[in-house]
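Hi,

Here is the structure I promised to pass on. Please have a look at it first; my notes follow below.

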Amino acid sequence: MNEQDRRRRPQGKPHRRPKKDPVRMLAFEALRAVDERDAYANLVLPPLLRKARQKGDFDGRDAALATELVYGTLRRQGTYDAVISACVDRPLREVDPPVLDVLSLGVHQLLGTRIPTHAAVSASVELARVVLGDGRAKFVNAVLRKVAQHDLDGWLERVAPPYDEDPEDHLAVVHSHPRWIVSALWDSLGGGRAGIEDLLEADNERPEVTLVARPGRSTADELLGALDDEAALAGRWSPYAVRLSEGGEPGAIEAVREGRAGVQDEGSQLVALALARAPLDGPDKMWLDGCAGPGGKAAMLAGLAAERGAVLLAAEKQPHRAGLVAKALAGNPGPYQVIAADGTRPPWRAGTFDRVLMDVPCTGLGALRRRPEARWRRRPDDLDGFAPLQRGLLRTALASVRVGGVVGYATCSPHLAETRAVVDDVLKQYGGSTDGGSTESGSAELLDARPLLPGVPALGDGPDVQLWPHLHGTDAMYLALIRRTG
């Protein structure tokens, strides 16, 4: 071959280095942390965004897009897995997790955002080239082009079983929840299809950021005054709550920076308020938060107690979480104490307290809006693991309160096994689950918690209270109030 022939020979396209897209790289990094380290997105994402801003890679719109990509992908993971399964020739468990993360990010852009199809595919393929290599990028390209053939509604018609044939599996695929969680939520909520669909849809919406003005240290009016009218609204139910719009920034408020206010869901505020409002027989001087970490309810209770000349003891088993409680309570206007102590082996004497809150560890199924990855990690067996602890903590609470005092049993889960079943089982030791009575353990009775939450609608038949995202705009907090009568 002479020189002229060599010059005529086709050379092909020169190798092009893939372009790094900082937004999608950050979203991928966050998803890998959630998958590999069992991290939570709400803990992983903020430091990644701060680092990106410091490097000058991000502006506000970039941060918003990265946040939407991470949370949207996690919330819709079940739906997207069903779609991807229909577009690959192998079980999803045989697809490498990093590849699946890139595919899921791409599917969310195609089916869950307004990003144009060509841009969603090309950006995802570029991401695949950077983090997976050219070979697997071709696989990503092929799958996403199949996904792009239909919109979300079209795919749901193809991958979700008909409601009439299997209601729970239909809802699980359409609303991206594990089937067992759909079943549990439906049992707790009761009613027909409309209510459960509203609840599942609310779980997939981005929750508002809600602030609490800590009693005696700040007010809702102060927080509202620190923000313009478009950035904040008064709380729906709590007089201490302020809801931020998408433009609101908690860190920009002086009261938040100084710890006089904090970020706290309105449902959590209502639990603390209801316990503080419960009528007592006798003195009102000693309060206990028996599971105080990370400190939101404890800070609120400490302020409310100080207004009455009462003292709060905040106990938390884990020392590092007890440190968070101490930080939240620092600056409280009245006396308080924070200790690291196991609530099932209390260091205090029985019958010491007038009011006791036990916000027990649980599956967290009431906060799936905020921690969407939790729905994919939890298993039905987890309920058995929490059950002895929840019952033990409630027994401790009832032993710790004096006769005439009130216990608040709270949990951020609507699952009946973590709410009414726990209360009923423990109250059997006190003569009955609803009417009270007397045994060797003493006597106790359930109080009607509903009148202690004035203005809050749809609280059910009582006497306990279950809050719901779709009805109240809060996490699905549960509260039972119990008075020791003997």
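Cys412 sits in a loop, between β9 (401-411) and α20 (420-427). Keep in mind that this is a predicted model. An unreviewed UniProt entry places the feature "active site" at Cys412. That annotation may be inferred rather than shown by experiment.

Is Cys412 buried or exposed? Its relative accessible area is 15%. Buried means under 20%, so Cys412 counts as buried.

What does Cys412 touch, leaving out residues up to four places away in sequence? Asp359 and Cys362 are among its contacts.

Next, Val99. This residue belongs to helix α6, which covers residues 97-111. Val99 is buried because its relative accessibility is 3%. Beyond four places in sequence, Val99 touches Leu132, Arg136, Phe139 and Val140. I also looked at Val99 and Arg257. They are 158 residues apart along the chain, and their C-alpha atoms are separated by 40 Å.

Now the confidence. The mean pLDDT of the protein chain is 92. Of its residues, 93% reach 70 or more. Two stretches call for a separate word. Over residues 1-10, the pLDDT is below 50. That stretch has two contacts in the model beyond near neighbours in sequence. Over residues 432-440, pLDDT also stays under 50. Here the model has 21 contacts beyond four places in sequence.

Best wishes

Definitions and conventions. Residues numbered from 1 in each chain as written. Predicted model: local features only at pLDDT ≥ 70, side-chain atom pairs only at ≥ 80, totals over all residues. Heavy atoms only, no water. Helix = DSSP H or I, 4+ residues; strand = E, 2+ residues; numbered from the N terminus. Buried < 20%, exposed > 50% of the residue type's maximum accessible area, 1.4 Å probe, protein only. Contact = heavy atoms within 4.5 Å. pLDDT = per-residue confidence, 0-100.
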